Amino acid sequence: MRKTFEQISREIQDTFVDDIYYGVTDTEEILTEIVGKNVSMYDSKIDDGADGDDNYVMCDCFSTDDDSITIRVYYGDETRVIGCVDVSTTAQ
C-alpha cells in the first residue's frame, strides 16, 4: 500500500517532534524509510535565536532525490530537542 502525502507528513511529525535530534545520517535513514524514497540533507543553518536552554534554533533541510518532498527539521543547538518539522511537497 502506497502512503499518501498526508500520511507521510503525519508519520514524520509523530516520529520527530519533541524527540532528540540524532544527526544527519540517522535522520536520512529514518526519513527514507518513512517516505519510501531516498532522502538526503541539502542544507544546514542557524534559523533564529532561541529562549531557554538553547542559544539558537538550528534547521537541517532534507529532500527526496526527485525533489517531490522537502523536510525541514528545527532543533535547539544545546538541547538538540526537535521543536518543529515542516514537511512540504511539490506534487499537485
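## Helix packing

Axes are lines fitted to C-alpha atoms, for helices over the stretch in contact, and the angles between N-to-C directions run from 0 to 180 degrees. Helices (H or I, at least four residues) and strands (E, at least two) are DSSP runs, numbered from the N terminus. Two packed helices are described by the angle between their axes and the distance between the axes. Here the axes of α1 and α2 come within 10 Å and cross at roughly 145°. The contact (heavy atoms within 4.5 Å) is made by Ile8, Glu11, Ile12, Thr15 and Phe16 of α1 together with Thr27, Ile30, Leu31, Ile34 and Val35 of α2.

## Basis of the model

The model is predicted, so that local features need pLDDT of at least 70 and side-chain atom pairs count only at pLDDT 80 or more, while totals for chains, interfaces and linings use all residues. Residues are numbered from 1 along each chain as its sequence is written, and side-chain values use heavy atoms, with hydrogens and water left out.

## Salt bridges

A salt bridge is defined as a side-chain nitrogen of Lys or Arg within 4 Å of a carboxyl oxygen of Asp or Glu, and by this rule the count comes to four. One of them joins the side chains of Asp14 and Arg10, with an N to O distance of 3.3 Å. Because Asp14 and Arg10 are four residues apart in helix α1, they are separated by about one helical turn. For accessibility, buried means under 20% relative accessible area, exposed over 50% and partly exposed in between (1.4 Å probe, protein chains only). Asp14, with a relative accessible area of 54%, is exposed, whereas Arg10, at 49%, is partly exposed.

Another salt bridge brings together the side chains of Asp66 and Lys37 at 2.9 Å, N to O. This pair links distant parts of the chain, since Asp66 lies in the loop between β2 (56–64) and β3 (69–76) and Lys37 in the loop between α2 and β1 (39–49), 29 residues apart. Asp66 is partly exposed at 47% relative accessibility, and Lys37 is partly exposed at 31%. The side chains of Arg72 and Asp86 also meet in a salt bridge, at 3.2 Å, N to O. Here too the pair links distant parts of the chain, with Arg72 in strand β3 and Asp86 in strand β4 (residues 82–89), 14 residues apart.

## Buried strand residues

Val73 is found in strand β3 and counts as buried, at 1% relative accessibility. Leaving out residues up to four places away in sequence, Val73 touches Tyr21, Met58, Cys59, Asp60, Phe62, Ile82 and Cys84. The C-alpha atoms of Val73 and Phe62 are separated by 8.2 Å, although the two residues are 11 apart along the chain.

Asp60, in strand β2, is likewise buried, at 3% relative accessibility. Apart from neighbours within four places in sequence, Asp60 is in contact with residues including Tyr21, Val24, Met41, Asp43, Ser44 and Val73.

## A nonpolar surface patch

Ile20, Tyr22 and Val81 form a nonpolar patch on the surface, with about 270 Å² of accessible area together. Patches are made of residues with over 30% relative accessible area and no salt bridge, like charges being joined within 9 Å and nonpolar side chains (Val, Leu, Ile, Met, Phe, Trp, Tyr) within 5 Å. Accessible areas come from the Shrake-Rupley method with a 1.4 Å probe, and for residues only the protein chains shown count as cover. Tyr22 lies in the loop between α1 (5–16) and α2 (24–35), and at 57% relative accessibility Tyr22 counts as exposed.
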